[in-house]
Amino acid sequence: MAGEDFSTNRFQQDQASWRALTLFSGYRLFLAAVLFVVFYLQLAPEFIGKKYPLLHHYVSLSYLMVAVLLVIFSSRRWGIFITQCSLQLIIDIVALALIIHAAGGLQSGLGALLVVVVVAGGALIPGRLAVFIAAIATLSVLLEAVYAEFIGVGQSHFAQAGMLGAIFFITALLAHLLSRTMQRSQLLAEQQAQDLNKLASLNQHIIRRMQVAVLVVDEQGYVTLCNQSAAQYMGIEN
């Protein structure tokens with residue numbers, strides 16, 4: 001019984017993880033569509049893809065097509081969850097880092113988009129992998145700051161990159177802790193519901209097998225429980 005309960009809880013946890021990944025895949029598709037449409041129709045904000053428009057065009061279009069495929073992969077639950085989730089998040093970081101670069105770097109303010117990816121990593125995958133995702137995101141903004149420093153564009157962006165990196169790690173850890181707490185609470189609630197159902201079934205079985213006649217009637221006068229002894233006493237079929 002303990003093994004069956006563990007397997008059931010594990011299955012329910014995996015199902016919830018796949019649903020969460022599918023939801024995040026929907027968000028990715030929406031974001032990719034917005035980044036492509038805003039640039040293609042030249043809508044506000046105008047700084048998207050302003051510095052390297054050709055790069056933004058190809059990256060946003062590729063990101064949109066990949067986002068469609070990842071929605072299908074997530075909804076159909078293909079492959080191993082941890083592997084697919086990690087690869088999807090790395091794709092997000094690479095694509096968004098290129099989009100940030102095409103918009104002119106960290107001063108565009110698009111670095112905040114990476115925070116959502118890091119939070120998703122903290123909520124969906126185990127602690128070490130979540131930290132790894134945060135490290136990749138931090139590396140991407142540091143590389144952008146190094147590039148800006150190398151070509152000598154305006155002021156240094158190392159402070160901004162460092163602040164974003166700190167935010168990445170903090171949010172990844174907080175999202176992981178919150179996700180673990182919510183999963184444990186959900187599993188505990190589901191386990192308690194299963195225990196209550198088993199207890200109710202056991203009570204009904206005991207009552208039905210009792211030698212004493214038991215008849216339960218609700219407020220409207222309908223019979224809700226009638227054991228075998230009561231049925232035999234009243235001459236009705238149970």
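Analyst: Leaving aside its neighbours within four places in sequence, aspartate 92 is in contact (heavy atoms within 4.5 Å) with Phe24, Arg28, Tyr63 and Val117. This is a predicted model, where local features need pLDDT of at least 70, side-chain atom pairs count only at pLDDT 80 or more, and totals for chains, interfaces and linings use all residues. Residues are numbered from 1 along each chain as its sequence is written, and side-chain values use heavy atoms, with hydrogens and water left out.

User: Is aspartate 92 buried or exposed?
Analyst: Aspartate 92 is buried, at 1% relative accessible area. Buried means under 20%, exposed over 50%, and partly exposed in between, using a 1.4 Å probe and protein chains only.

User: What does arginine 28 form with aspartate 92?
Analyst: A salt bridge, with the closest N and O atoms 2.6 Å apart. The term needs a side-chain nitrogen of Lys or Arg within 4 Å of a carboxyl oxygen of Asp or Glu. Arginine 28 sits in helix α1 (residues 2-40) and aspartate 92 in helix α3 (residues 81-102), so the pair ties together parts 64 residues apart in sequence. Helices are DSSP runs (H or I, at least four residues), numbered from the N terminus.

User: And how buried is arginine 28?
Analyst: Its relative accessible area is 1%, so arginine 28 counts as buried too.

User: New topic: where is phenylalanine 73?
Analyst: In helix α2, residues 53-76. Phenylalanine 73 is partly exposed, with a relative accessible area of 30%.

Technical notes:
Helices (H or I, at least four residues) and strands (E, at least two) are DSSP runs, numbered from the N terminus.
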